[in-house]
Amino acid sequence: MNSEVKREIILEHFQNPMNKEEVQDDNYVLINSSNPNCIDNINLYILFDNNCIKDIKFMGEACAISTASTSIMIKNLIGKSLVDAKEYINNFYNMCDEEEYKEDLLNEGLAFSEIYKQSNRKNCALLPYKAILKAIDEYEKK
Amino acid sequence: MHRDDFPLLKKDIIYFDNGATTLKPQAVINKIKDYYENYSSNIHRGDYDISYKAELEYENARELVKEFIGAKRKEEIIWTSGTTDSINLVVNGFFAKNLEKGDEIVITKSEHASNVMPWFRVAMATGAVIKYIPLDENNFVTLDNLKKIVTPRTKVISIADITNVIGDIRPVKEICEYAHENDIFVVVDGAQSVGHMKCDVQKTDVDFYAFSAHKMLGPTGVGVLYGKYELLKDLEPVNLGGGMNESFISPEEMVLKEIPTRFEAGTPNIAGVIGFGESIKYINSIGIDIIHKREKELRDYLIDKLVQIPHIDILNIESDSGIVSFNVEGIFAEDVAYYLNKYNICVRAGNHCAKLTKDIFGFANSIRVSLYFYNTESEIDTLVDLLKDKDKIMKEML
C-alpha cells in the first residue's frame, strides 16, 4: 500500500466515517476514550452478544487520524468473535509499535502502518483501540 | 520589534502561542543564570553575603511588581507558583471561610479552568451557588449584563481581564465600581493581560488580582496574588511550614509572620522570582503601552487577512487583544496545528482549558493564534499563505 493510497483511505474515513451515530440503547456498552495530550475525545457504543461483537457505533470530536482509525476499526470488528477481535487489535498495536504483525489481517488498518514515524500521532490512531480493549476486558470479567 | 533579544527567535520558528507562554529574552535568562552561578543561596538568612544578595534581589522583584501593577504597598504582592496557584489561594484562603449557603459566586462561561474549578469546589463545600454573566452578541461581558444577575446574595465576581479564547478586554474598572457599591468582592485573573496592557490595581480597584510570570517574558513556576492589604489580613495561609512562622509550640500556639511572608511557606522559587523582576524591567524598557499598541496592530493585520479566506471561521473578530481563535471549515483544529507545525509554526489547538465555551459556541475546539510584540507582519503572511489553500492543508495534515 503506497502512501498516496493510505492518505486517501484515511481522508475518506475522516470525511465519511462509518457507524458514526449516537446510540440510545441500554444493550450497548458505552465507553469513552480521550488522549491526555490532545483533544481527541470519542465515545464507543458496543453491543456484545455471546462472546461476539455484534455492533459498534461511535460519536465524538477527534482529529482525522483518530476519526479514520475509529471508523476503520469498527468496520473490521463488527461481527468478529472476541478471540478474532483481540487478534486484530493486537496486530494493530504491534504495527504501531514497530513489531511483527500480520498484514493480511488488518486490511484498511494498514493505512496507519507508518504512524510510528509520528510519535505524537500514534496515540491518535490507537485511541479507539484502547477503548475497545477496556470494554472487552470488562465484558469478559462479567 | 526587539526580536534580537530572544534566543528562540533565531531558531527558525514562528511562535504564535503567546497565550500559553511567552518566549524569554536573553536578559531574563542571564539574570537567572547569574543567580545560580554567582549567589545561589536561600533567602531569609542574611548571615552571609550571597544570601543577603539573594534576599535583596528577591525583595527588589516584589518592589518591581508593586510598581508595575500600581499597588499601594509592597506587602500586597504575594509570590505564588502562577495564576492557578494564586486563584486557589484566594478561593481557599479567603472565600472558603467567607461564603455561606446560598451566597452567589459570579463567573462567566469563557473563563479558564483555573477560574472555574476552584469556585466549583468552594461552592460544593459551602453551599454557595455559581452564576454566569450572560455574554453579549460578541461574547463580551458588559456591565448591563452583569447587573441583570447580581442579587443581594452575590458575594464575589471572578473574571479574567482578558479571556484566553475570546480575548475580550473586560470593563474591570466599571465592574469593580458597581460591585463595591453593592458590597461584592472582585477577583481578576490577569494571566492574559498583565504583560500586554497597562493594569493598575488602584485605578481599577480590584480586590484580588492573579497573574503569572511566564506569560510576560518571565520564567515558569512564578506568579503573583495581589490583594488589598486590609483584605489580606483576613486571608488564611493555605500552606504552613518553614519561613512563614514566627513560632510554634502547640496547635493552639502557632504565630505566623507578617503579610506577605506568612503566605509563602517553604523555600520559594528564588531564581524564578529574581528572573521575573528582570522581565518587568525589560517590559518597562519597551513600555507597556507600546507593547499593547503593537499587539493591536498585529491583530488587525491578521484579522484583515483571515476574513478574506472563505473557509476560515473566526470566533472573536471584534476582540481587542492579541488572541485570535478560528477554525478551518471541515478540518479538526488539531489537524491544522499539526499541518502548521510542519512549517515550524507554533499555534495552539484545542479547548484551551476553557471547556465551558462549548456552551457558547456549540463546540469546544479551535485554533488559537496569540500574538506578542515580537511577532511580525511577515510571520502573519506566512501563516495566512499556508491557511489559504484548503486542499494543501488536507493533503499535508496527515
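Visitor: What kind of model is it, and what are the ipTM and pTM?
Guide: This is a predicted model. It scores ipTM 0.82 and pTM 0.91.

Visitor: And chain B, what's its mean pLDDT?
Guide: The mean pLDDT of chain B is 95. In chain B, 100% of residues reach 70 or more.

Visitor: On to the contact between chains. How many residues does each chain put in?
Guide: Chain A gives ten residues, and chain B gives ten residues.

Visitor: Switching to chain B. How do α1 and α9 pack?
Guide: Helix α1 (residues 26–38) and helix α9 (residues 270–286) of chain B pack at about 150°. Their axes are 8 Å apart. The crossing of α1(B) past α9(B) is right-handed.

Visitor: Which residues meet there?
Guide: From α1(B), the residues are A27(B), V28(B), K31(B), I32(B), Y35(B) and Y36(B). On the α9(B) side they meet I270(B), A271(B), I274(B), G275(B), E278(B), S279(B) and Y282(B). By class, this contact has nine nonpolar, two polar and two charged residues.

Visitor: Now L99(B). Where does it sit?
Guide: L99(B) is in the loop between α3 (83–98) and β3 (104–107) of chain B.

Visitor: Is L99(B) buried or exposed, and why?
Guide: L99(B) is buried, because 22 other C-beta atoms lie within 10 Å, and the cut-off for buried is 20 or more.

Visitor: What does L99(B) touch beyond four places away in sequence?
Guide: L99(B) touches V122(B), T126(B), A128(B) and K155(B).

Visitor: How far is L99(B) from Y226(B)?
Guide: L99(B) and Y226(B) are 20 Å apart, C-alpha to C-alpha. Along the sequence they are 127 residues apart.

Visitor: Last one, M59(A). Which strand is it in?
Guide: M59(A) is in strand β3 (residues 52–61) of chain A.

Visitor: Why does M59(A) count as partly exposed?
Guide: M59(A) has 18 C-beta neighbours inside 10 Å, so it counts as partly exposed. Buried would take 20 or more, and exposed 12 or fewer.

Visitor: And its contacts, leaving aside neighbours within four places in sequence?
Guide: M59(A) is in contact with K20(A), E21(A), E22(A), I42(A) and N43(A). The C-alpha atoms of M59(A) and I42(A) are separated by 5.7 Å. Those two residues are 17 apart along the chain.

Conventions:
Residues numbered from 1 in each chain as written. Chains lettered and ligands numbered in written order. Predicted model: local features only at pLDDT ≥ 70, side-chain atom pairs only at ≥ 80, totals over all residues. Helix = DSSP H or I, 4+ residues; strand = E, 2+ residues; numbered from the N terminus. Contact = placed C-beta atoms within 7 Å. pLDDT = per-residue confidence, 0-100. Axes fitted to C-alpha atoms, helices over the stretch in contact; angles between N-to-C directions. Left-handed = near helix turned anticlockwise from the far one by under 90°. Nonpolar A, V, L, I, M, F, W, Y, C, P; charged D, E, K, R; others polar.
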